[in-house]
Amino acid sequence: MDLDYLIFLQGLRNDWGGEGFFTLISSLPKSALTAAIPAVLFWCINKQAGLFILFNAEVGRVINQLLKGTFCIYRPWIKDAELIPAAEAMEKASNYSFPSGHTQFTTAIYGGFAFFYRKVLPLLAIIICAAIVLSVAFSRNFLGVHTPQDVLVPIVYSIGLLFAAEKIFKWMGKDEERRLIFLGVGTAITLIIFLFLYFKPYPEDFLNGQPIVDPLAARADSFDALGFGLAFFIGWFLEQKFIKFKTNVSPKNRLWRIIIGFTILGVIAVVIYPLLKIFLSVEAYKFFKAFLPFFSILFLIPLIFTKVERHFNR
């Protein structure tokens, strides 16, 4: 049934077009706008809101990698030769299919924003956020790189994580002991998931003489999960322990925070990533590609802009 649905969408794509539009929609999770939402909230507007969304994005990504590596479900076109995905989407679709990382990340960011502000946001804004999540999910089906269950499951567990995160942050509050428990448990779970994904066996099936998914590449994705998990727990802990910046600052300072923040993130993407890809192993590159941007948002960038603000205040 799920593959019949994808073949139906493929017919629509071939007969009526729409591939370019849905490719654009599908790219939204990796866009600057999506990255800006939790970063600007965290640095300039509502620190707790930004932290809440970042937690859901990063911990959700760890859960996503755990499910991918556990179930090892191949992409739809492997199951049915009639399926021919959109070329650009297929090229960027890595390793296993279930669950959709694009859908998980979109639900964490836009769903997290709507969930955190649900009591003050107008209904229209909540509907827009929901529409964005559903549009990205549908785009992955329309482009032929994910089945319906690939996109529905991450929506469900990401929403469940939103409710869990709300209770966790409420329980933790400003209690130092509970924060240490949160750090210890979160870091330990991340490491256990990493070790499980790294040492577990992966299927070695071949198609036309080539491995469908290289077990070494699948194992390297465990470093992706490790990077996301450690970035949040270490970055969050170091910031609340040593920086404790406030968001009730002047508009000028907020502007400078945004300029400093996105300049650093730009340098990481344009300069640091290519260098790391040249000099590091695939595993190490996967780790730092996941770790660096989120650790920078949570700790490195706040450290820099607080020092800049103190200098100019003096």
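Where is Lys-244 found? Lys-244 sits in the loop between H11 and H12. The notes below take that residue up again, after the overall picture. The model is a predicted one.

1. **Overall make-up.** The protein has 13 helices and 2 strands. Its radius of gyration is 20 Å, close to the 20 Å that the globule rule gives for 314 residues, so the protein is as compact as a globular protein of that length. The C-alpha trace spans about 65 × 45 × 40 Å along the principal axes.

2. Of the 314 residues, 51% are buried. Take the contacts with a separation of 6 or more: residues 24 or more positions apart account for 80% of them.

3. **Surface and charge.** The accessible surface comes to about 15800 Å². Carbon and sulfur atoms hold 69% of that surface. The count of charged side chains is 30 positive and 22 negative. The centres of these two sets lie 15 Å apart.

4. **Salt bridge Lys-47 to Glu-239.** The structure holds 7 salt bridges. One of them joins the side chains of Lys-47 and Glu-239, at 2.8 Å from N to O. Lys-47 lies in helix H4 (residues 47-71) and Glu-239 in helix H11 (residues 215-243), so the pair ties together parts that are 192 residues apart in sequence. Glu-239 has a relative accessible area of 3%, so it counts as buried.

5. **Salt bridge Glu-166 to Arg-118.** The side chains of Glu-166 and Arg-118 also meet in a salt bridge, 2.9 Å from N to O. Glu-166 belongs to helix H9 (residues 148-172), while Arg-118 is in the loop between helix H7 (101-116) and H8, so this pair ties together parts 48 residues apart in sequence. Glu-166 is partly exposed, with a relative accessible area of 32%. Arg-118 is partly exposed too, with a relative accessible area of 32%.

6. **Salt bridge Arg-257 to Glu-309.** The closest N and O atoms of Arg-257 and Glu-309 are 2.7 Å apart, and the two form a salt bridge. Distant parts of the chain are linked here: Arg-257 is in helix H12 (residues 251-279) and Glu-309 in helix H13 (residues 282-313), 52 residues apart. Are these two residues buried or exposed? Both Arg-257 and Glu-309 are buried.

7. **Asn-141.** This residue lies in helix H8 (residues 123-142). Its relative accessible area is 5%, which means that Asn-141 is buried. What does Asn-141 touch, leaving out residues up to four places away in sequence? Its contacts are Tyr-5, Leu-6, Leu-9, His-146, Thr-147, Pro-148 and Val-151.

8. **A cis peptide bond.** The bond from Phe-98 to Pro-99 is cis, with omega near -10°. Pro-99 lies in the loop between helix H6 (87-92) and H7.

9. **Positive phi at Asn-208.** Asn-208 is not a glycine, yet its phi is positive, about 55°. Its place is the loop between strand S1 (206-207) and strand S2 (210-211). Asn-208 counts as exposed, because its relative accessibility is 75% and the cut-off for exposed is over 50%.

10. **Back to Lys-244.** Lys-244 has a positive phi of about 55° as well, although it is not a glycine. The residue is exposed, with a relative accessible area of 53%. Its loop runs between H11 and H12. Glu-239 of point 4 is in helix H11, and Arg-257 of point 6 is in helix H12.

Methods
Residues numbered from 1 in each chain as written. Predicted model: local features only at pLDDT ≥ 70, side-chain atom pairs only at ≥ 80, totals over all residues. Heavy atoms only, no water. Helix = DSSP H or I, 4+ residues; strand = E, 2+ residues; numbered from the N terminus. Buried < 20%, exposed > 50% of the residue type's maximum accessible area, 1.4 Å probe, protein only. Contact = heavy atoms within 4.5 Å. Salt bridge = Lys/Arg side-chain N within 4 Å of Asp/Glu carboxyl O. Rg over C-alpha atoms; globule rule 2.2 N^0.38 Å. Areas by Shrake-Rupley, 256 points an atom, 1.4 Å probe, with all protein chains shown as cover. Lys, Arg positive; Asp, Glu negative; His and termini not counted. Charge placed at Lys NZ, Arg CZ, Asp CG, Glu CD.
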